[in-house]
Amino acid sequence: MKKLVLKLLAVYTLIGCAVPHKAVAQMALDNSEIEASMIKALEWQEAHPIFAIAPTDWTAGAYYTGVARAHKTTKDMMYMAALKNQAYNNDWQTYNRLYHADDVAISYSYLYVGMNDKRPGFVNLEPTQKFLDAHLFEDNIWKSGKDKTTSGKTILWWWCDALFMAPPVLNLYAKHTNQPKYLDEMHKFYMETYNQLFDKEERLFARDMRYVWKGNNKDEKEPNGKKIFWSRGNGWVLGGLALLLDDMPKEYKHRPFYENLFKVMASRILELQPEDGLWRTSLLCPEAYDHGEVSGSGFYTFALAWGVNNEILDKAKYQPAVKKAWQALKKCQHSDGRVGWVQNIGASPEPASADSWQNFGTGAFLMAGSEVLKLK
């Protein structure tokens, strides 16, 4: 009964958030309108701060990654002001769990500021270096395989979200400091996660080992009997891949792996895009919560648009899907700038609503806009 009520509410409310398929072809993108929507999202989010644990946690990390990407495209100083203010107020610190990938995501924004602001003494990347060195080179319970919980915490990055949180930071740090060892270490741990969680048949990532089928009656299933693949979880991975490829050296020996994985996942995500443009929280059981969700959809829109803009994905095939997704995302923004329809913090498919928002949803919206602006 609870799911039925949620479905009915979603169908009723999503009318303002969906874009009819036939209407999309006639909708030309207006860059000034996109930029205005992005600034409104930034201004609302800055005026309504929110975090899960601390201002340096992963939610802020994802949000300010979006702010950084928005600045990279537009050069609007509103974004740089927000980036500098939060970095200064955070004293350039990460969060304190040095073994946990989530807690260095904030450093993407610090690194971006450091690569774009040359004033001596302003940027302090020592906390980031301290974190990365401990994270990569010191032992912990996950690396040792001593955590025997069902989530599969026997590798450093045991959950797929981690592939957004740490790898782009390591990649950018290696580029900024000209220390390729960090990139090589990133690849080593990335492959552990890929080997443990990537489903080659479905071309998607399980969130963690709880959702990897083992062929017994304990396997977690959707109501329709299919495997559980979480939209935002796969959005973390695909969005993270676009961030990685954007800064990874073209000649890097392992780059072909990342390009291929990006293409494989992009093709699957394209296949799974619903008619109205927004992906559901459950990719293989969209009817479970039959309404669009902004955070996963925002990361997909960013990644697919990035692929088109960098000629990794076929423009004729992917650009219409990107435009449709952006038009739908824009419909989910309230008049005051707040971005709704964001699934709350979680680890599996759950519902969203017009009034559910999170800073990482705003980050995904900004990331999407930053690449949609570049479409030709």
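Q: Which residues form one aromatic cluster?
A: Y190, Y194, F198, F205, F257 and Y258 form it. The model is predicted, with local features needing pLDDT of at least 70, side-chain atom pairs counting only at pLDDT 80 or more, and totals for chains, interfaces and linings using all residues. Residues are numbered from 1 along each chain as its sequence is written, and side-chain values use heavy atoms, leaving out hydrogens and water.

Q: What makes F257 and Y258 an edge-to-face aromatic pair?
A: Rings of Phe, Tyr and Trp (its six-membered ring) pair if their centres lie within 6.5 Å, and planes over 60 degrees apart count as edge-to-face. F257 and Y258 are 5.0 Å centre to centre, with 85° between the planes.

Q: Why is Y258 called buried, and F257 partly exposed?
A: Buried means under 20% relative accessible area, exposed over 50%, and partly exposed in between (1.4 Å probe, protein chains only). Y258 has 0%, so Y258 is buried. F257 has 21%, so F257 is partly exposed.

Q: Why is the pair W279 and Y300 edge-to-face?
A: The ring centres of W279 and Y300 are 5.0 Å apart and the planes stand at 65°, so this pair is edge-to-face. W279 is buried at 1% relative accessible area. Y300 is buried at 0%.

Q: What does F205 touch?
A: Contact means heavy atoms within 4.5 Å. Not counting residues up to four places away in sequence, F205 touches several residues, including C160, Y194, F198 and M265.

Conventions. Phe/Tyr/Trp six-rings, centres within 6.5 Å; stacked < 30°, edge-to-face > 60°.
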